[in-house]
Amino acid sequence: CGKQEAKPAKVLKVGSEAAFAPFEFQDESTKEYVGFDIDLIKAIGKQMGAEVQIQNMGFDGLIPGLEANSIDLAISGMTITEERAKKVSFSKPYYKSGLTMVVKSDNTSIKSFKDLEGKKIAVQLGTTGADEAKKVKDAQIREFNSAPEAFLELKAGGVDAVVNDKPVNEYYIAKTGGNDAKMVGEPLTAEDYGIAASGKNKELIAQVDKAIEELKKNGEYEKIYVKWFGK
Ligand code: GLN
């Protein structure tokens with residue numbers, strides 16, 4: 001068969017686990033999906049002449065969803081990993097992240113990752129945070145479907161720490177006024193977020209990369225970044 005012209009799909013079905021503020025979450029009053037990733041993917045869609053439809057789903061359902069073609073893309077604060085790249089195609093990195101720990105504000109015993117040994121740790125299912133926590137010696141890992149559930153467990157005293165993405169931890173702490181919890185430790189990892197497409201859809205990823213490049217050139221990416229993270 002001959003070469004086909006790269007035509008953008010008119011509707012882009014984009015999967016996201018919308019409980020990961022400030023990247024994707026539901027606005028409490030409007031119930032709309034908002035966040036850095038949401039603004040970014042909408043801007044990308046606009047560049048591509050496509051309408052973006054967000055589908056809220058479990059984080060561990062995103063890659064299977066891409067593999068089954070029930071979604072075209074996934075944007076969900078998803079770290080580009082070797083393991084995942086075997087199954088899906090990733091865009092170029094669009095955000096630099098990494099893992100840190102959150103403990104109760106009155107905790108004085110956990111200051112570094114080493115201090116997690118033998119402790120109870122809450123993580124989100126299927127994430128890089130879960131992978132790293134599982135490497136900690138003698139730790140008891142509790143896996144939750146979402147980051148907010150992991151934070152709730154910390155608040156309830158069921159675990160000693162949460163291992164999760166730094167910008168999400170920072171947002172949670174700022175949102176709760178720093179009364180319940182604090183972030184400790186240097187980032188354990190350096191991670192890059194990428195937008196994912198089905199492994200076969202290299203063409204779509206090439207279009208996404210081109211759109212991101214354009215948004216970086218025309219200042220739109222910067223605008224979205226400043227809106228959610230400040231300067
Ligand atoms: N960045 C982490 C990962 O990719 C967490 C993502 C998330 O929970 N949305 O595993």
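The shell around the ligand is made up of four nonpolar, six polar and three charged residues, where Ala, Val, Leu, Ile, Met, Phe, Trp, Tyr, Cys and Pro count as nonpolar, Asp, Glu, Lys and Arg as charged, and the others, Gly among them, as polar. This is a predicted model, in which local features need pLDDT of at least 70 and side-chain atom pairs count only at pLDDT 80 or more, while totals for chains, interfaces and linings use all residues. Residues are numbered from 1 along each chain as its sequence is written, and side-chain values use heavy atoms, with hydrogens and water left out.

Of the 13 residues around the ligand, those that come nearest are Gly77, Arg84, Gln124, Thr128 and Asp165, a residue being near if one of its heavy atoms lies within 4 Å. Polar contacts, that is, pairs of N or O atoms within 3.5 Å, can be followed through three of these residues. Gln124 places a polar side-chain atom 2.6 Å from an oxygen atom of the ligand, whereas Thr128 has a polar backbone atom 2.8 Å from a ligand oxygen atom. Asp165, for its part, has a polar side-chain atom 2.6 Å from a nitrogen atom of the ligand. The ligand taken alone exposes 290 Å², and the protein buries 100% of that, as computed by the Shrake-Rupley method with a 1.4 Å probe.

The wider setting is given by the domains, whose bounds come from an automatic or database domain assignment: domain 1 (11-95 + 192-229) and domain 2 (99-184). Each of them contributes at least three residues to the shell around the ligand. Their centres, taken over C-alpha atoms, are separated by 25 Å, and 17 residues of domain 1 are in contact with 15 residues of domain 2, contact meaning heavy atoms within 4.5 Å.

Key
Polar contact = N/O pair within 3.5 Å; in protein donor to acceptor, adjacent residues only side chain to side chain.
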